[in-house]
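Visitor: I'd like to learn how to read a protein structure, one feature at a time. Can we start as soon as it's on the screen?

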Amino acid sequence: MITLKQLAEKSNVSIATVSNIINGKSNVSEETKQRVFKIIEQTGYEPNFMARGLRANKSNTIAIIVEDLCAFHTRYLVEGIMSQCEVLGYRVVIENLRYYEKFPTEPKTPAGFKKTLESAINQMIAIRVDAIIYVAAYSREDDYFPDKVSVPVIIAYDYNPKISSVTIDDVTAAFEMTDYLINKGCSSIAVISGIEGNIHSVKRIEGYKLALKKHNLNFNDEIVINGDWNRVGGYEACKKLSPDFFENKQNAIFCLNDEMAAGVYDFLSEKKLVPGKDISVTGFDNQEFSTYMQPKLTTMEIPLKEIGMQAAEQAVKKINGTEDSIKFLNIPCRLIKRESD
């Protein structure tokens with residue numbers, strides 16, 4: 001097995017530099033970091049976690065607590081966290097709280113869930129993890145975390161004013177999608193939203209309004225309809241739009257997730273209308289099935305793996321004391337242009 005000294009020699013840097021890079025402390029150039037990371041990958045170098053932990057009173061382990069592994073985005077976030085932890089020399093342990101299975105009818109955080117979360121946190125602290133990365137099933141404003149946790153905490157895909165978080169830039173993403181549709185000549189853009197009051201819904205509608213304002217277009221709340229984030233909701237939301245809305249080929253429907261867009265497709269199919277031809281339809285999430293829809297769905301891609309990687313970076317910085325303040329990172333999304341607009 002390759003040693004730290006041999007790794008440093010192959011990288012043409014000092015042992016201290018390699019050690020600092022692995023622990024996220026280094027101020028060296030990005031080129032040097034990437035060279036060291038590449039050699040780590042090529043050689044299969046593995047730090048001696050036990051020896052390091054004994055010396056520094058650390059376990060070199062980060063806990064990932066996920067609300068629900070069944071949420072579509074969770075696996076990508078966890079992959080990003082784990083891949084970055086591997087590069088930075090940290091092991092991970094995962095706890096699945098099974099939110100949707102245990103609390104299927106609760107639209108917001110129930111009191112019982114808070115007890116489940118506190119129990120999981122206490123278990124992770126008991127095995128001496130150095131930090132906790134919390135992966136939310138969806139974004140909401142509930143203050144569900146204990147006021148005091150003895151290790152650093154980072155939240156991924158959610159926001160808490162008292163805790164550092166990494167999530168998506170919903171406002172800018174929705175602005176860009178709306179601006180794109182307006183520039184394509186869409187005269188009226190309906191929005192199929194999620195659950196009323198949900199943070200994603202609120203922020204995406206905010207971005208939608210900003211784009212309308214940019215183009216001096218009036219906001220019409222009659223064409224902003226809740227769809228409850230699911231396919232049936234998207235279908236039912238279309239019924240609330242005026243029949244005249246579907247007669248204008250310059251109109252568009254911006255769905256705030258891809259599942260609701262699938263429901264819009266169902267409705268249009270019944271009316272013998274074709275997305276992208278008779279009316280523009282766009283989604284949000286870039287779920288895998290969006291490429292199978294006919295026509296393929298124009299949507300916003302959420303940088304889930306990058307969110308996970310950034311969460312891991314922030315956790316290691318807090319472990320090493322290089323980042324003490326509460327920090328909120330909003331990662332930009334990417335417009336995926338296909339055939340439905």
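Visitor: Is Tyr 235 buried or exposed?

Guide: The general idea first: buried means under 20% relative accessible area, exposed means over 50%, and partly exposed is in between (1.4 Å probe, protein chains only). Tyr 235 has a relative accessible area of 17%, so it is buried. Keep in mind that this is a predicted model, where local features need pLDDT of at least 70 and side-chain atom pairs count only at pLDDT 80 or more, while totals for chains, interfaces and linings use all residues. Residues are numbered from 1 along each chain as its sequence is written, and side-chain values use heavy atoms, with hydrogens and water left out.

Visitor: Which residues of helix α10 are buried?

Guide: Helices (H or I, at least four residues) and strands (E, at least two) are DSSP runs, numbered from the N terminus. Helix α10 covers residues 231-239, and its buried residues are Gly 233, Gly 234, Tyr 235, Ala 237 and Cys 238. An α-helix has 3.6 residues a turn, so residues three or four places apart point the same way.

Visitor: And what do the buried residues of α10 pack against?

Guide: Here we need contact, which is heavy atoms within 4.5 Å. The partners of those α10 residues are β6 (188-193), β7 (224-226), β8 (251-255) and α11 (258-270).

Visitor: What caps the N-terminal end of α10?

Guide: Think of a polar contact: a pair of N or O atoms within 3.5 Å; within protein, one must be able to donate a hydrogen and the other to accept it, and residues adjacent in sequence count only if both atoms are side-chain atoms. At α10 the cap is Asn 230, with a side-chain oxygen 3.4 Å from the backbone nitrogen of Val 232.

Visitor: How many aromatic pairs are there in the whole structure?

Guide: Rings of Phe, Tyr and Trp (its six-membered ring) pair if their centres lie within 6.5 Å; planes under 30 degrees apart count as stacked, over 60 as edge-to-face and the rest as tilted. A search of the whole structure turns up 8 aromatic pairs. Take Tyr 235 and Phe 267: their ring centres are 5.9 Å apart and their planes are at 70 degrees, so that pair is edge-to-face. Tyr 235 belongs to helix α10 and Phe 267 to helix α11, so the pair ties together parts that are 32 residues apart in sequence.

Visitor: What about the rings of Phe 246 and Phe 267?

Guide: That pair is tilted, because the centres are 5.2 Å apart and the planes are at 40 degrees. Phe 246 sits in the loop between α10 and β8, and Phe 267 in helix α11, so this pair ties together parts 21 residues apart in sequence. Phe 246 is buried at a relative accessible area of 9%, and Phe 267 counts as buried at 7%. Tyr 235, Phe 245, Phe 246 and Phe 267 form one aromatic cluster.

Visitor: Which residues have the most contacts inside the largest nonpolar core?

Guide: A nonpolar core is a set of buried Ala, Val, Leu, Ile, Met, Phe, Trp, Tyr and Cys residues joined through side-chain atoms within 4.5 Å. The largest one has 70 residues, and those with the most contacts inside it are Ile 62, Phe 246, Ile 253 and Val 281. Apart from it lies another core, of 23 residues, including Ile 65 and Tyr 99.

Visitor: Where does a charge sit over a ring, as with Arg 204?

Guide: The rule is that NZ of Lys or CZ of Arg is within 6 Å of the ring centre and within 35 degrees of the ring normal. The charged end of Arg 204 sits over the ring of Phe 284, 3.7 Å from its centre. Lys 209 has its charged end over the ring of Phe 219, 4.6 Å from the centre.

Visitor: How many disulfides does the search find?

Guide: A disulfide is a covalent bond between the sulfur atoms of two cysteines; the cut-off is a pair of cysteine sulfur atoms within 2.5 Å. The search of the whole structure finds 0 disulfides. For Cys 333, the nearest cysteine sulfur, that of Cys 255, is 16 Å away.

Visitor: Where is Asn 60, and what is its phi?

Guide: Most residues other than glycine have a negative phi, and most peptide bonds are trans. Asn 60 has a positive phi of about 55 degrees although it is not a glycine, and its place is in the loop between α4 (49-56) and β1 (61-66). As for the peptide bond, a cis one joins Gln 294 and Pro 295, with omega about -5 degrees.
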